[in-house]
Amino acid sequence: MKRIIIFVLTAVILLSMGGCTKKKADNTVEVFCLNMDVTSSVPESYVLRSKNSDVDKQVDELLGRLQDKPEDSRLRKAIPDEVSVRGHDEKNYNCTVDFSKEYYDLTAAQEVLLRASVVRTLTQLDSISYVTFTVNSIPLVDSDDEIVGSMGADDFVENPGEQINTSVKETLTLYFADKDGTGLEKQTRVIHYSSNIALEKLVVEQLIEGPKGL
C-alpha cells in the first residue's frame, strides 16, 4: 500500500470550497441500498419522520430502514439479516454504530458496500459528520488488522452504480494550512475508491473537502 505525500501551499483557498450535501428541507434523505449482484450501492429516497431535534431517533430510523427491504424490488437492503445492529451512540458529530460478531462473516464486497451505505446515509443528518464502526463494542479492523476509525461520506468516493470489485484502498498524507495561516498541518487518510478514478482527481477532491478536526 503506497503512501503519497502532497505538499499544498494553496490549501487556504481550497478550504472555503468544502462541504457535503445534507438532507433537504422536507427531511428527504437518500438511503443507500445494494443492487442484486452486490456490486454497487444505489440511493433510494426516503422521508424522515423523526424530528431534527432528536438525532438519536433519526439514526434509529435510518438504521432500521437500512435493515428493511427497499421499496424498489430490484434492490436489496444494505444490512443483511445475519448482521444485527447492537446499538449506536452520537457525540460531537460522530455516530458510533455497534454490530454483532456476524459482521466479520460478510464477504469483502458486502463489507465495503455496507460501510459505504451506512456512512453515506447517516452523514446526511445535520448532526452527523462521521461514523465509527464497532463489532461487539470493539473497533472495526480491516483485512490488515488496522483499526478503520471514523469515516465520512468523502471516504467512499466511488459513485453509486460503479463496480465494487474494482475498489482500491489508498493512504494519502495531505498538508493543509494551519489555523494561523503560517504553517502546514499534516493529515493522513485511508481512502476507498474505484480504480477507474484518477488518483489526481481523488487528491483534489480530498483537498477541496478540507481538513478534519483542525
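The axes of helix α2 (residues 55–66) and helix α3 (residues 108–122) come within 10 Å and cross at roughly 145°; axes are lines fitted to C-alpha atoms, for helices over the stretch in contact, and angles run from 0 to 180 degrees between N-to-C directions. This is a predicted model, in which local features need pLDDT of at least 70, side-chain atom pairs count only at pLDDT 80 or more, and totals for chains, interfaces and linings use all residues. Residues are numbered from 1 along each chain as its sequence is written, and side-chain values use heavy atoms, with hydrogens and water left out. Helices (H or I, at least four residues) and strands (E, at least two) are DSSP runs, numbered from the N terminus.

In α2, Val-59, Leu-62, Leu-63 and Leu-66 meet Ser-117, Val-118, Thr-121 and Leu-122 of α3, contact meaning heavy atoms within 4.5 Å. The residues of this contact divide into 6 nonpolar, 2 polar and no charged; Ala, Val, Leu, Ile, Met, Phe, Trp, Tyr, Cys and Pro count as nonpolar, Asp, Glu, Lys and Arg as charged, and the others, Gly among them, as polar.

An open sheet of 4 strands has the order β5-β6-β7-β8 with mixed pairing; two strands pair if DSSP finds at least two bridges between them. Because β5 (85–91) and β8 stand at the edges, each with a single partner strand, one side of each is left without a neighbour in the sheet. β5 runs antiparallel to β6 (residues 94–99), joined by 6 bridges, and Lys-91 stands opposite Asn-94 in β6. Both helices pack on the sheet:

| Helix | Strands touched | Angle between directions |
|---|---|---|
| α2 | β5 and β6 | about 145° with β5 |
| α3 | β6 and β7 (130–135) | about 140° with β7 |
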